[in-house]
Amino acid sequence: EIRVTALSNGPCGPSSAELSCVAQACPTVNIAVDPVAPICLAANSPTVALTAAITGGAGGGTLVWSGPGVAMGSDVFSPNVAGVGTHTISLSYTEGTCTFNSSITIVVNAIPTSTFNATSNICITNSATINYTGTASAGATYVWDFDGGTATPGTGRGPHDVSWATPGAKTISLTVTENGCTSTTTTRNVQVDAPLAAPVITCGPATTSSVVFNWTTVPGAAIY
């Protein structure tokens, strides 16, 4: 109810009027925004359609989505636009003069990398050192394949010292998983050389002033 009184500077007294109005009551409306599972961010991650169930009210209202990765007037979430992080996506539903709001969070995780370096050439009596150089944290899951080698400590991000009982070309591989996102596999090669055999030395022709020594060729020897 409202009363309006008008006052004059002249000889006439004030005048007034009253009016009662009833405010519009908003209906009970429930908004259930459909959840979105965590996303692993790739170079071209697919977009996600945003949906919600609206119950109550007369229906036929207008939905407006907003937040990181959501273009104006769109109902699609783009992980590549939003980037890595926890993003709040809001929904505004308007029916008549009544507006109702709800929101969800969408988590976008980075895909870890599995890069590492390794000693490229060792003698079988030594060990190769493996150093992880990727982006995952210490709490990630590291799946190493040391190609039959003995690794210390052998689990986690390392560094690791790896030795082999036999010579030859060895291939080390690594895959990393963090926050439900799995890397591609990285491989590195290590050449394990056997020790050089001892040369067999024999005496050749000798004189009173000289002796000729001969020795067998040793496989893998560069100089003598």
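**Strands, cores and selected residues in a predicted model**

At 2% relative accessibility, V192 counts as buried (under 20% relative accessible area; exposed is over 50% and partly exposed in between, with a 1.4 Å probe and protein chains only). The structure is a predicted model, in which local features need pLDDT of at least 70 and side-chain atom pairs count only at pLDDT 80 or more, while totals for chains, interfaces and linings use all residues. Residues are numbered from 1 along each chain as its sequence is written, and side-chain values use heavy atoms, with hydrogens and water left out.

V192 lies in strand 19 (strands are DSSP runs of E, at least two residues, numbered from the N terminus). Leaving aside neighbours within four places in sequence, V192 is in contact (heavy atoms within 4.5 Å) with I122, C123, I124, W164, T166, P167, G168 and K170. The C-alpha atoms of V192 and A222 are 17 Å apart, with 30 residues separating the two along the chain.

T186 also belongs to strand 19, which spans residues 186-193. T186 is buried, and its relative accessible area is 11%. Its side chain makes a polar contact with the side chain of S114 at 2.7 Å (a pair of N or O atoms within 3.5 Å; within protein, one must be able to donate a hydrogen and the other to accept it, and residues adjacent in sequence count only if both atoms are side-chain atoms). Beyond four places in sequence, the contacts of T186 are S114, T115, F116, I172, S173 and L174.

The largest nonpolar core has 19 residues, of which I31, V36, L50, W65, F77, I89 and I106 touch the most other members. Such a core is a set of buried Ala, Val, Leu, Ile, Met, Phe, Trp, Tyr and Cys residues joined through side-chain atoms within 4.5 Å. At least two residues of this core come from each of strand 3 (29-33), strand 9 (85-95) and strand 10 (98-110). Strand 10 gives the most, with five residues. A second, separate core of 18 residues includes I124, F146, I172 and L174. In soluble globular proteins, nonpolar side chains tend to be buried together. Not counting residues up to four places away in sequence, I89 touches L50, W65, S66, G67, P68, V70, F77, S102, S103, I104 and I106.

Strand 9 and strand 10 pair in the antiparallel sense over eleven bridges (pairing requires at least two DSSP bridges between two strands). T86 stands opposite V107 in strand 10. Two residues separate the strands of this hairpin, in which G96 takes a positive phi near 70 degrees. Strand 4 (residues 39-41) runs parallel to strand 10 and is joined to strand 10 by three bridges; L41 is opposite A110.

An open sheet is formed by four strands in the order 11-13-16-15, with antiparallel pairing. Strand 11 (116-118) and strand 15 (150-152) stand at the edges and have a single partner strand each, so one side of each is left without a neighbour in the sheet. From one strand to the next, the twist averages 20 degrees (axes are lines fitted to C-alpha atoms, and angles run from 0 to 180 degrees between N-to-C directions). Strand 11 is joined to strand 13 (residues 128-132) by three bridges, and A118 has I130 as its bridge partner in strand 13.

A221 is located in the segment after strand 21 (211-215). With a relative accessible area of 25%, A221 is partly exposed. A221 and A197 are 24 residues apart in sequence, and their C-alpha atoms are 9.0 Å apart in space.
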